[in-house]
Every structure is written in structure tokens, then in C-alpha cells.
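Dear colleague,

Please find below the structure that I am handing over to you. My findings follow directly after it.

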Amino acid sequence: MASTYTPIATTTLGSAAATITLSSIPSTYTDLVMVFRGNNDAGANRAGYIRFNSDSGTNYSYTLLQGDGSSAGSGRDSNIAQSFFANVLGADTVAITQIMNYANTTTNKTFLSRGNSASTVTQAIVGLWRSTSAINSITLSLNASNYASGTNVTLYGVKSA
Amino acid sequence: MPILGIIASQNYPRITNSYESIATVTVGSGGASYAEFTSISSTYQHLQVRAVVRSTSGGYAGVTFNSDTGNNYASHELYGNGSSASAGAYTTRADIPLMPSATSSAASTFTALIIDVLDYANTSKYKTLRSLEGWDANGSGYVELQSGLWQSTSAISTLRITCAYGQSWQQYSSFALYGIKG
């Protein structure tokens with residue numbers, strides 16, 4: 001059997017940045033796995049956003065399940081200009097985002113994300129990008145803050161037989 | 001015991017050498033009532049199924065092992081529907097019921113499932129799976145975490161994912177099985 005789970009790109013911020021972009025993603029894999037570990041520079045809880053192929057149209061939505069240490073809840077947003085992949089607060093924030101069947105040109109794109117910030121919240125998210133385009137770039141941003149220096153994002157490709 | 005994504009940021013060369021594609025089932029235009037992986041080798045530590053599915057009318061994904069249709073399965077679930085979080089449990093079942101899938105009411109939208117079957121070849125333990133599943137259709141959707149139990153000490157050699165309620169997986173549904181080495 002051939003091994004698969006191939007690192008495609010990794011970036012570590014040397015200084016704070018409003019966005020992190022992973023571009024020129026090849027279409028040779030079946031799924032993508034994005035591993036995020038980082039913080040924001042606001043010192044407060046911030047929503048982490050994800051956008052594909054620089055599409056800023058209102059073509060995104062998500063459904064969320066989360067627990068914050070005192071209660072569990074669920075929510076969603078629809079017809080938004082970017083989706084949501086995790087809340088970001090503290091150097092302990094880790095999010096693993098699974099972008100399924102990202103290169104197909106027949107269906108909309110669904111991703112699953114698990115956001116983990118030990119000081120704040122744990123989350124499960126399903127997101128939708130209403131586009132049949134193959135995903136060739138991913139841009140991360142934050143609500144009203146920057147990603148802090150040292151934030152690291154690694155993208156892997158998983159290829160099925 | 002590396003699980004996809006969990007320690008990927010720590011040591012990815014090890015992950016890349018430990019994760020292998022075993023087989024893929026892709027559903028054609030005629031649909032399929034189930035997807036099945038047979039003759040699964042016992043040479044891995046864990047299995048992972050990565051699937052995107054769509055059913056004719058919201059049938060759930062029922063997981064069974066080794067063609068066992070006895071009431072030997074159980075599960076717990078935690079899910080959100082966009083308004084509230086809920087939990088449930090199932091016992092003495094003939095399958096492990098995963099999330100209802102996206103339906104024809106949500107055009108071109110598929111449910112995503114990632115299922116980890118842990119220590120699947122062990123012949124001393126009952127078998128446990130965990131899964132993350134969800135679909136969003138821009139105004140509706142579910143996201144779910146689940147654990148499942150198969151009360152058998154047999155090594156798993158066959159894994160079937162049935163579209164429940166007599167429904168069918170629709171075209172472009174796909175199921176990929178991976179093995180993770182210890």
C-alpha cells in the first residue's frame with residue numbers, strides 16, 4: 001500500500017498578520033487536512049474565518065456545536081462571505097479542519113472542523129462553500145484582530161486508492 | 001498510535017509513513033444501498049473511513065462489522081442542529097447509527113463523515129469507534145460527535161456502511177478506507 005498523508009504547505013508567522021493564505025494547492029489529493037495552532041493579538045476570544053479561492057461572495061454557511069465549560073450549545077450562520085473554522089484564543093488553540101473532496105468540480109464543498117482552546121471552548125463545526133470549483137487556495141482571517149506571531153498552519157493532502 | 005490530524009503538527013514524517021489508503025468505494029449513477037470493505041488486513045493499528053455521502057431522503061449511515069446483524073451494537077451521540085445541542089444513546093442495536101445524510105432538498109450538498117475504528121484487529125477487546133459527522137445546507141444542518149461499540153472480540157475484516165430505511169446512497173457518494181500503523 002502506498003503511504004498517503006502528505007504535507008503540502010506549512011507557514012509560521014514571523015510577525016502578526018491579518019490573514020494567512022495557503023495558495024497553489026494541487027488538485028491531486030482526495031481530501032485536505034489543515035492543522036492550525038496559534039493565537040490572536042487581541043488577547044480576547046476571536047472567531048477564526050476560512051475562505052476558499054478568494055471568493056468573497058455570500059456563498060458560505062456553517063453549523064456549530066460547542067461546549068464552553070458550563071453549557072453546550074449550537075448555532076449557525078448562513079449566506080455569509082466566509083465560513084468559520086474555530087474560535088481562537090491563547091497559544092493553546094488547535095484546530096483541525098478536514099476539507100472533503102476538495103478538488104471535485106461537481107459538488108459543493110463541505111468541511112468538518114474541530115476547534116480546541118483549553119482556556120475557552122471546544123467546538124465541532126460543519127461548513128459549506130456553495131461552489132463546484134476545485135479549491136486551490138485557503139485564506140484564514142480573524143474577527144477584528146490579527147493572527148499573532150508564531151501562529152502555525154500546516155496543510156496535508158490525503159489521497160484515496 | 002497516531003490518529004489523523006491529532007499529532008500531525010508534531011511529527012508529520014511519521015504520519016506520512018504510517019497512513020495508507022486501503023480501498024475506495026464510489027457510488028455511480030444507479031446508487032447503492034451500502035458500501036462495503038471486505039478482506040481488511042489485520043496489519044494496521046487503526047482504521048479510518050473518510051466519506052462524503054448523500055441519500056435519497058435522509059437515511060442515516062448504519063455501520064456494521066463482519067456481517068454481524070445481531071443486536072451487538074451500541075452508541076452515544078452529541079449533536080447540534082444550529083439551535084441547540086442534544087445528546088442520545090442507543091443500545092442493543094443491529095448497527096451503529098451515524099448521522100442522517102444530506103438529502104435531495106439540498107442540491108449538490110453532501111454529508112461528511114470521518115470514522116476512526118480503534119484497535120480493530122485486537123482479539124481481546126470489544127471494538128470502539130468514534131466519529132465526526134456533519135452536513136450544512138445554508139440554513140439547515142447538523143454536526144455530530146459519536147462513539148460506537150461492537151460487542152465482539154473478533155478482528156474486524158469487513159466494514160459495511162448501509163444507507164438506512166431502505167434508501168440508497170446517491171451518485172458521487174464516496175467512501176475511502178485507510179489503515180494507520182502503530
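In chain A, 51% of the 161 residues count as buried, a residue being buried if 20 or more other C-beta atoms, placed from the backbone, lie within 10 Å of its own. This is a predicted model, in which local features need pLDDT of at least 70, side-chain atom pairs count only at pLDDT 80 or more, and totals for chains, interfaces and linings use all residues. Residues are numbered from 1 along each chain as its sequence is written, while chains are lettered from A and ligands numbered from 1 in the order in which they are written.

Chain A has 12 strands and zero helices (strands are DSSP runs of E, at least two residues; helices are runs of H or I, at least four; both are numbered from the N terminus). Its C-alpha atoms fill a box of roughly 40 × 35 × 30 Å along the principal axes.

In chain B, Glu133 lies in strand E9, residues 127-136. B:Glu133 is buried because 27 other C-beta atoms lie within 10 Å. Leaving out residues up to four places away in sequence, B:Glu133 touches partners including B:Leu98, B:Met99 and B:Leu113; contact requires C-beta atoms, placed from the backbone, within 7 Å. The C-alpha atoms of B:Glu133 and B:Leu98 are 7.8 Å apart, although 35 residues separate the two along the chain.

B:Ala61 is likewise in contact with B:Leu98, B:Met99 and B:Leu113, among others beyond four places in sequence.

Yours sincerely

Definitions and conventions
A residue is buried if 20 or more other C-beta atoms lie within 10 Å of its own, exposed if 12 or fewer, and partly exposed in between; C-beta atoms are placed from the backbone. Two residues are in contact if their C-beta atoms, placed from the backbone, lie within 7 Å.
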